[in-house]
Amino acid sequence: MQIHHRGYESGDPRVKPAAGHGIDRPTELPDEMDVLIVGTGPAAAVVTAQLSRFPSINARAIELRPGRLAVGQADGIQARSVETFQAFGFANEVIDEAYRNVEMCFWKPDPEEPTRIARASRAPDDATGMSEFPHIYVNQSRILDYFLRDAVRAPGRIVPDYGIEFLDATIDPDADLPVTARIRYCAGPREGEERTVRAKYLVGGDGARSSVRKALGHKLQGAASLHAWGVIDVMANTDFPDIQVKCSVQSHDQGNILLIPREGEYLVRIYVDLGETDEHDAGKVRQTPVEEIIAKANRILHPYTLDVKAVSWWSVYEVAHRITDGFDDVPAELAGVRAPHAFIMGDACHTHSAKAGQGMNVSIQDGFNLGWKLAAVLEGRAPESLLSTYAAERQVVAQDLIDFDKEWSTLMAKPVDEWDDPNELEAYYLKTIEFPAGFMTQYAESMITLGDEHQELAKGYPVGKRFKSAEVIRRADNRWRHLGHTHEADGRWRVYVFADAAAPARAGTPTADFATWWATDPASPRVRYTPTGGDEDAVFDTKVIYQQDYTEIDPNAVPDAFRPVKVPYGLIDINQVFSAGHGRDIHREREISRDGAIVIVRPDMYVAGVLPLTARDELTAFFAQHMLEPADTGATPAAELDVEVEIAEKTQLIPTENG
């Protein structure tokens with residue numbers, strides 16, 4: 001976290017000064033706004049937190065509930081989501097309070113006495129090192145708390161407007177404010193009152209029964225599997241030895257269980273197989289009492305017993321796999337022709353079983369994908385056509401999720417006597433573990449993702465997949481850092497320059513030549529799209545990673561392109577230079593060419609392209625597809641701040657007797 005570059009800060013650096021629409025933010029929902037966000041579920045909370053970091057954007061979030069979510073239904077947090085938490089600055093806090101999953105145990109009928117279950121095998125959670133972050137469990141309500149806290153701490157100071165229901169909306173794409181939405185107050189002195197508000201964009205993250213989806217005329221398509229599960233969150237005493245370990249339990253003839261330990265070391269979630277449902281009376285199973293679910297769990301766990309002392313939440317559901325026929329308001333025949341003004345995310349787009357732990361995780365990525373794009377368009381850094389990539393990218397991911405979950409949930413419910421291979425479930429779990437961990441997503445070539453023509457230069461960074469972090473030595477303080485952990489949810493593009501084999505130099509090497517072009521040539525995207533008078537890295541966060549050991553790096557020989565100047569004091573940021581050391585070599589670990597490579601990473605942490613150090617035209621053409629040149633801000637250039645710095649030193653940074 002960088003602080004003090006704008007002046008000394010004595011308070012909590014995570015709480016940013018209010019700015020723009022965050023200053024004296026009205027408590028009353030305005031008649032007009034840039035973005036109306038409906039709901040405060042995972043996807044909507046991410047968009048809220050993201051947009052609050054851009055105080056020039058007037059965004060509001062409305063929520064039908066009168067207050068925060070007290071008990072959420074989702075709890076599994078995959079490593080990809082934790083990587084996202086890191087970008088928002090609260091990963092470690094979540095990890096500290098969560099249950100950390102390290103392995104999954106598979107229980108099956110004891111071969112010697114099939115009426116009893118016995119542990120058959122164990123599978124490590126991440127044997128291949130997919131991520132440095134863990135697979136954890138914590139209640140959905142806490143995740144929403146963190147994102148919404150981030151929104152309040154950000155300059156935009158977005159606080160949800162609770163107790164307001166979205167009724168419907170009409171969209172006129174030719175209007176200055178295309179969205180006209182009808183809302184109703186559901187609590188307080190204005191309960192029952194209806195209003196009309198207008199916005200540039202409408203974002204629906206309002207769940208499986210989404211009113212925004214209905215307003216857009218979209219429908220969830222798919223079918224239920226006619227198989228029911230009871231799910232209970234319980235505090236219990238038991239002699240089952242793996243009660244604090246994720247388990248799949250298959251009994252001889254009583255059904256199956258998926259057991260998920262929860263945070264706090266006393267709570268456990270148990271998915272209990274209730275069997276096939278009657279297609280003519282499918283709703284009957286939903287009337288199953290919790291006592292019957294607990295009794296069924298005990299029969300499956302035999303010879304072990306589960307003495308439930310308290311039930312904090314429970315439900316009965318039938319597995320259904322559905323995906324909406326559209327993710328925005330643009331008709332299929334106009335896709336790519338007309339820019340969208342309304343979007344749906346999360347459960348409003350895709351519903352599936354809970355046992356793969358994907359609902360909240362995929363929703364978070366829906367929100368992260370959309371949030372930075374809305375910010376770029378509303379701030380004038382990108383054309384509206386950028387917004388069309390949301391539906392194009394996330395609809396493919398949602399379909400992949402539905403296909404995966406159909407197979408996984410079918411296997412989870414399969415009776416033991418129908419298995420051809422008794423180890424089939426374990427084999428499938430290990431074979432597909434990258435998908436539920438959140439790392440199978442690979443975006444196709446588009447205006448914001450290049451092709452893979454130069455993939456050989458950086459095999460460890462597949463184009464279209466998330467940027468997998470690795471340890472490097474930061475030369476400024478000679479400490480190892482995870483390179484990916486420097487990526488913040490600030491809407492900036494990352495340009496990682498993996499240097500050629502030459503030592504740092506200001507001229508005469510491929511890396512130095514690129515740096516000169518990147519920092520000074522009028523055709524360079526950094527020169528072309530960075531506003532004058534602000535931070536030199538305001539749009540492109542450019543870092544260099546040298547091949548030499550950190551002890552051989554002379555910081556003064558590093559080109560200025562990797563030493564950006566910050567306003568208002570003209571401070572040079574020396575923290576963007578990395579190298580090998582202490583046995584760490586990212587070039588080797590990520591199979592990066594010793595001739596060097598450029599790895600472009602999108603604001604949502606996905607690799608947008610791999611290019612050689614000589615790729616001037618390719619870089620220029622790529623960013624020209626989705627970026628707009630800024631208007632001159634009129635701000636004072638850093639080079640002209642000498643007088644202001646001197647004044648600041650005398651008036652702000654020198655303590656007085658009064659503090």
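This is a predicted model: local features need pLDDT of at least 70, side-chain atom pairs count only at pLDDT 80 or more; totals for chains, interfaces and linings use all residues.
Helix α1, which spans residues 42-51, and helix α4, which spans residues 140-153, have axes that come within 8 Å and cross at roughly 15°. Because angles under 35 degrees count as roughly parallel, α1 is roughly parallel to α4, and the crossing of the two is left-handed. On the α1 side the contact involves P42, A45, V46, T48 and A49, which meet Q140, L144, F147, L148, D150 and A151 of α4. Sorted by class, the residues of this contact are eight nonpolar, two polar and one charged.

Helix α1 also packs with helix α7 (residues 359-378), at an angle of about 30° and with the axes 7 Å apart. These two helices are therefore roughly parallel to each other as well, but the crossing of α1 and α7 is right-handed. Here α1 contributes P42, A43, V46, V47, Q50 and L51, while the residues from α7 include M360, I364, F368, W372 and L374. The contact of α1 with α7 divides into 11 nonpolar, four polar and one charged residues.

In helix α13, covering residues 616-624, the residues L619, T620, F622 and F623 are buried. They lie on the same side of α13, because the arc that they cover around the axis is only 165°. In an α-helix there are 3.6 residues a turn, so residues three or four places apart point the same way. The buried residues of α13 pack against several elements, among them the helices α10 (510-520) and α11 (525-529) and the strands β22 (540-549) and β26 (597-601).

Terms used:
Residues are numbered from 1 along each chain as its sequence is written. Side-chain values use heavy atoms; hydrogens and water are left out. Axes are lines fitted to C-alpha atoms, for helices over the stretch in contact, and angles run from 0 to 180 degrees between N-to-C directions. Helices (H or I, at least four residues) and strands (E, at least two) are DSSP runs, numbered from the N terminus. Angles under 35 degrees count as roughly parallel, over 145 as roughly antiparallel, 65 to 115 as roughly perpendicular and the rest as oblique. A crossing is left-handed if the near helix is turned anticlockwise from the far one by less than a right angle, and right-handed if clockwise. Contact means heavy atoms within 4.5 Å. Ala, Val, Leu, Ile, Met, Phe, Trp, Tyr, Cys and Pro count as nonpolar, Asp, Glu, Lys and Arg as charged, and the others, Gly among them, as polar. Buried means under 20% relative accessible area, exposed over 50%, partly exposed in between (1.4 Å probe, protein chains only). The arc is that of the directions from the helix axis to the C-beta atoms.
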